[in-house]
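Me: I would like to go through this model by question and reply. Please show it first, then say how the terms are used.

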Amino acid sequence: MHKISVVAAFACLVLAVSAACCAEITIKDDLGREVKINSPSERVVFMMENALKTYYAVGDPENIVALKDDKWMRKLLEDIFPVIDPDFEKKLTVSMTGDRVDLESLARADPDLVVLWATTPDDVNIKAIEETLGVPVFAIFVRSIDDVLHQVDTMGAISDRMERAAEVKKIMHDYMNITTNVTSNIPESERPKVYWMWTDVLGTAGVNSGINDLIELAGGVNVMKFAENETAMTMEHPVVNLETLIKLNPDVIYMWYNENLDPEDILTGDDFKGWKDINAVKNGRVYEIRNPYLFDAFSPRMPLALLHVAMDLHPDKFRDVDMNRTIDDFHVDMWGVHYPSMEKA
C-alpha cells in the first residue's frame, strides 16, 4: 500500500525552487492528500512520536525544529533521541489546547512542514495550520504494517534521503524475519484468537488496522474477524460492548500499555468480574505491551513489537530467543546506539 505518490518518478518530479538547497516536490500523505513540500524540508515540526522515531532513523536531526509538548514526548527524553540528537532537549515545543494545536506556539517555530496524526482530510488542525499559517501539513494515519514500512519512504522524501530509507526498511525486514520465519509455519488451528485492548478497554483493533496485521504476523487471529457486526469488524478502532466480547470469547487479551490497568486487574479485579468466563481470563492469558516506546508498533521499532507479541502468543516456539540481545542488536543496526546503555556503538 503505497500512499506516497511522488507525482512521477521521484527525481523527475522534483521541481527546483532553489538552486542552493531544496526542491519542491508533491507527495501524497496517508489520507491521500497531495502536499507540496521542500525536499529536504529544513524546519519540520513533529506532532506525533511515531513519525518522529522514523524520521530520526532516516533524516537529519538538525531539520527538526519543534516537537509536540505533552507527557509522551517528554518521556522520549529517557529514550535514545538525546543521544542521537544532541539538541533534542533544546527543541521548541508546540502546545495543545484539548485536541487543538496552539497556532501561536507553532508559528514561533517558523516551520516549513508540520507532521501530525489525522484520520480525515477534514481534520480541524490540518485546516487551521494550512489556512491560517500557510504551512503544508503531512497527515500520518497508519492502517497496516505496510503503512509503517511506507512511512520510512515518506521520511526519506521529506529529508531527501531515499537511500537511507531503503537501508532502514531492510533492517526492519531482517528483524521481522526473526518472527515470521517461525509464525508463518503455524497452522490455523494453533493460532489463538486475540482481543486487542486499547486504553479505552472496550476499544479494539478492527480487521483493517495495523494491529490486525501485527496479530496475524505474530501467529494469532484478530478476534474481530469473527464479529457479526461487519461495520465494527472493519473499523480501524471499533468499540464493542461486554456482551459482544464475551460472545467472541478470545483466547488471549493483549493490552496496549495502560497506565491505570495491569493484566492482573483484568484477571482478578473487582471491576472485571463480568469477564471471568472469557477463555483468556480463565486461562490467565492476558498480556500487555510493557514499554510503549520500545515496542511501538507504528514506528521503526515495529519488528521488536512483533517479536514481543509473538513470544507471548507462542512462548514455546521462541524460548531460544534472547530478547534483550535482539533489542540491543536492533538499536545498533538502526541508530548506532546500544540499548539500554545508550552508549554509541
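Reply: Contact means heavy atoms within 4.5 Å. Helices (H or I, at least four residues) and strands (E, at least two) are DSSP runs, numbered from the N terminus. This is a predicted model, in which local features need pLDDT of at least 70 and side-chain atom pairs count only at pLDDT 80 or more, while totals for chains, interfaces and linings use all residues. Residues are numbered from 1 along each chain as its sequence is written, and side-chain values use heavy atoms, with hydrogens and water left out.

Me: Which residues of α6 are buried, and within what arc do they fall?

Reply: Buried means under 20% relative accessible area, exposed over 50%, and partly exposed in between (1.4 Å probe, protein chains only). In α6, residues 124-133, the buried ones are Asn125, Ile126 and Ile129. Seen down the axis, with directions taken from the helix axis to the C-beta atoms, they line one face of the helix because they fall within an arc of 105°.

Me: Which elements do the buried residues of α6 pack against?

Reply: Glu131 and Thr132 are exposed on the other side of α6. The buried residues pack against α5 (103-108) and the strands β7 (96-97), β8 (100-101), β9 (113-117) and β10 (137-140).

Me: In what order do the 5 strands of the open sheet stand?

Reply: Two strands pair if DSSP finds at least two bridges between them. β6 (92-94) and β10 each have a single partner strand, so they stand at the edges and one side of each is left without a neighbour in the sheet. The pairing is parallel, and the order is β6-β5-β4-β9-β10.

Me: Which residue of β5 does valine 44 stand opposite?

Reply: Strand β4 (residues 44-46) pairs with strand β5 (residues 64-68) in the parallel sense over 3 bridges. Opposite valine 44 stands isoleucine 64.

Me: What is the angle between the planes of tryptophan 198 and tryptophan 256?

Reply: Rings of Phe, Tyr and Trp (its six-membered ring) pair if their centres lie within 6.5 Å; planes under 30 degrees apart count as stacked, over 60 as edge-to-face and the rest as tilted. Tryptophan 198 and tryptophan 256 are both buried. Their rings form an edge-to-face pair, 5.9 Å centre to centre, and the angle between the planes is 65°.

Me: Which residues form one aromatic cluster?

Reply: A search of the whole structure finds 12 aromatic pairs. The cluster consists of Trp196, Trp198, Tyr254, Trp256 and Tyr287.
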